[in-house]
Amino acid sequence: NETKPLQRTNIPAEAKQESVFLEQQAWWGPCQREGECSQRWTLTNFGVLVVERPIMGTKKQRIIGEAELERVLTLSTTILNERSCDLPDTETTDYWAEYTIRLQGKVRVVTYPGCEKEFSEIEKLLFPAPAPVTGS
């Protein structure tokens, strides 16, 4: 029983073809393995999430739910059109991330921690915490 991408009907005509609308590239340290600790994920307008971790040699793909996709689209549109995403005065030296939003014919690149609240919510939707194990 294979999971297929969402066949959404409420998307604009120009978005009927699957395309990446949101991506994140992140690096952090110190890295416990030799090489670069990094991760890249992409999300398409059909809900296909691809996560790549080069140091681990992994690439995983899954389909997110329609409600989650709609919320991510809403947050991404808000960031694209309404938020300044200014960087705070504090500097983060052990983590660096860059988010790219491609929607409505526009492209916006935001460097972490700009719009941290919105991107944190997006990541919670894309990477929900596993349910606790209960019972005996």
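Helices and strands are taken here as DSSP runs, numbered from the N terminus. On that basis, the elements of the chain follow the order β-β-β-β-α-β-β-α. The model is a predicted one. The chain holds 2 helices and 6 strands.

Of its 136 residues, 34% are buried. Among the contacts with a separation of 6 or more, 57% are between residues 24 or more positions apart. The accessible surface of the chain amounts to about 9000 Å². Carbon and sulfur atoms contribute 48% of that surface.

Strand β5 spans residues 95-103. It pairs with strand β1, residues 20-28, through 7 bridges. The two strands run antiparallel. Within this pairing, Q25 has E98 of β5 as its bridge partner. Strand β5 also pairs with strand β6, residues 106-111. This second pairing is antiparallel too and comprises 6 bridges. Here I101 stands opposite R108 of β6.

Strands β5 and β6 form a hairpin with 2 residues between them. In this hairpin, Q104 adopts a positive phi near 55°.

The structure contains 1 disulfide. This bond joins C85 to C115, with an S to S distance of 1.7 Å. The angle about the S-S bond is -85°, and the link is left-handed. The two cysteines lie in distant parts of the chain, 30 residues apart. C85 sits in the loop between α1 (66-81) and β5. C115 belongs to the loop between β6 and α2 (116-126).

The loop with C85 leads from α1 to β5. The loop with C115 then connects β6 to α2.

Methods: Residues are numbered from 1 along each chain as its sequence is written. This is a predicted model: local features need pLDDT of at least 70, side-chain atom pairs count only at pLDDT 80 or more; totals for chains, interfaces and linings use all residues. Side-chain values use heavy atoms; hydrogens and water are left out. Helices (H or I, at least four residues) and strands (E, at least two) are DSSP runs, numbered from the N terminus. Buried means under 20% relative accessible area, exposed over 50%, partly exposed in between (1.4 Å probe, protein chains only). Contact means heavy atoms within 4.5 Å. Accessible areas come from the Shrake-Rupley method with a 1.4 Å probe; for residues, only the protein chains shown count as cover. Two strands pair if DSSP finds at least two bridges between them. A disulfide is a pair of cysteine sulfur atoms within 2.5 Å.
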